[in-house]
Amino acid sequence: MTDSKHPHKITVLGAGAWGTAVAIALAARNDVLLWGRNADAMRATEAARENLEYLRGLALPPRLGVTADFDAALAHVTAAKPDEQPLLIAACPVAGLRPLLEQLKGRAIPNIVWLCKGFEHGTGLLPHQVARAVLGDAVPAAALSGPSFAQEVARGLPCALTVASNSEALRERVVSAVHGGSIRVYSCDDLVGVEVGGAVKNILAIATGVADGLGLGLNARAALITRGLAEITRLGTTLGGKPGTFMGLTGIGDLLLTCTGDLSRNRRVGLALAQGKPLDTIVAELGHVAEGVPCAQAVRELARKLGVDMPITNAVAGVLFDGDNAADMVGKLLARDPRDELA
């Protein structure tokens with residue numbers, strides 16, 4: 001394994017809450033440059049030494065560089081020496097992954113690691129499938145995922161993540177760069193399982209938020225989380241994921257955090273739906289991307305195509321896109337015919 005005592009050259013592409021949080025955490029031990037496309041915002045971030053829009057009040061480490069120059073951001077890793085162990089991290093939403101990768105196409109990038117969770121709208125592709133479609137198989141690629149809120153990571157609170165890749169060398173490099181301090185990193189080769197868990201849990205967090213917003217109690221919450229895990233596992237194994245992955249950090253771990261944590265944007269969407277607020281208003285008030293909203297549509301379509309039973313996902317999509325009432329969503333789920341729990 002790479003010697004973690006030596007700092008890595010790392011560029012984080014995307015200066016939202018999660019990209020900034022990861023850059024802050026990694027800059028404690030590495031040479032990190034954070035890129036954002038909004039030049040005015042990046043100048044303000046540099047001047048204040050904090051991300052005023054997404055992580056106000058959390059100071060950037062002195063050694064963390066900030067830029068809006070895309071070429072300079074790439075040069076930070078493409079011009080790095082082999083012993084500087086360069087790492088390129090994409091910290092954009094799923095919707096922005098393909099455009100970002102298109103910008104990287106044809107450039108001599110050392111690798112690509114993405115932080116986004118979801119299915120691409122319109123294609124139903126997972127992030128690693130999008131990366132393969134744009135960059136091919138020549139660039140080592142990985143997903144870094146797990147139960148983690150940006151604010152807590154930026155504050156240095158403990159968390160555990162999983163890096164998934166078909167490249168053992170890249171897995172080792174990510175572990176070397178990220179593992180340490182308050183962050184523990186595990187590795188696996190199950191890209192499908194890790195990405196499905198990270199995507200679908202956002203939909204289930206919306207469902208749990210609805211139930212909590214309607215005052216249905218902790219019993220209902222536990223039932224939704226447990227049956228939600230069954231949905232994740234059914235879809236994930238159908239797509240080729242390993243069953244054990246869904247019992248780990250990127251499965252049950254991320255599901256529990258997102259469904260119960262007050263910092264969960266997707267849970268907040270559900271709470272607002274329970275109040276009868278229209279989706280457009282909810283999204284505008286949130287001010288951040290809630291990946292569960294577009295993901296619900298993509299997963300519903302994919303599950304229908306594959307013949308995978310996902311009643312909670314279907315119910316959430318019905319509320320988000322078909323005009324179904326949030327209270328009726330719960331009634332429909334309770335009225336379903338009994339079945340074998342393990343079927």
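Just after helix H7, Gly 180 adopts a positive phi of about 145°. H7 spans residues 168-178, and its buried positions are Leu 170, Arg 171, Val 174, Val 175, Ser 176, Ala 177 and Val 178. Buried denotes under 20% relative accessible area, exposed over 50%, and partly exposed the range in between (1.4 Å probe, protein chains only). Helices (H or I, at least four residues) and strands (E, at least two) are DSSP runs, numbered from the N terminus.

The model is predicted; local features require pLDDT of at least 70, side-chain atom pairs count only at pLDDT 80 or more, and totals for chains, interfaces and linings use all residues. Residues are numbered from 1 along each chain as its sequence is written, and side-chain values use heavy atoms, with hydrogens and water left out.

The domain assignment divides the chain into domain 1 (9-189) and domain 2 (200-335). Such bounds come from an automatic or database domain assignment. The domain centres, taken over C-alpha atoms, lie 26 Å apart. Contact (heavy atoms within 4.5 Å) links 21 residues of domain 1 with 22 residues of domain 2.

About 1,700 Å² is buried between the two domains, with 72% of it on carbon and sulfur atoms. On the domain 1 side, Phe 119, Pro 147 and Phe 149 lose the most area to domain 2; together they account for 38% of what that side buries. Buried area is the accessible area (1.4 Å probe) that two parts lose on being put together, summed over both.

The rule finds 2 salt bridges across the interface of domain 1 and domain 2. A salt bridge requires a side-chain nitrogen of Lys or Arg within 4 Å of a carboxyl oxygen of Asp or Glu. Lys 242 forms a salt bridge with Asp 189, and their closest N and O atoms are 2.7 Å apart.

The side of domain 1 that touches domain 2 draws at least two residues each from helix H6 (150-154) and strand E7 (159-164). E7 gives the largest share, 3 residues. By class, this side holds 9 nonpolar, 8 polar and 4 charged residues. Ala, Val, Leu, Ile, Met, Phe, Trp, Tyr, Cys and Pro count as nonpolar, Asp, Glu, Lys and Arg as charged, and the others, Gly among them, as polar.

Thr 208 lies in helix H8 (residues 191-213). Thr 208 counts as buried because its relative accessibility is 0%. Leaving aside residues up to four places away in sequence, Thr 208 touches Arg 221, Leu 224, Ile 225 and Cys 259.
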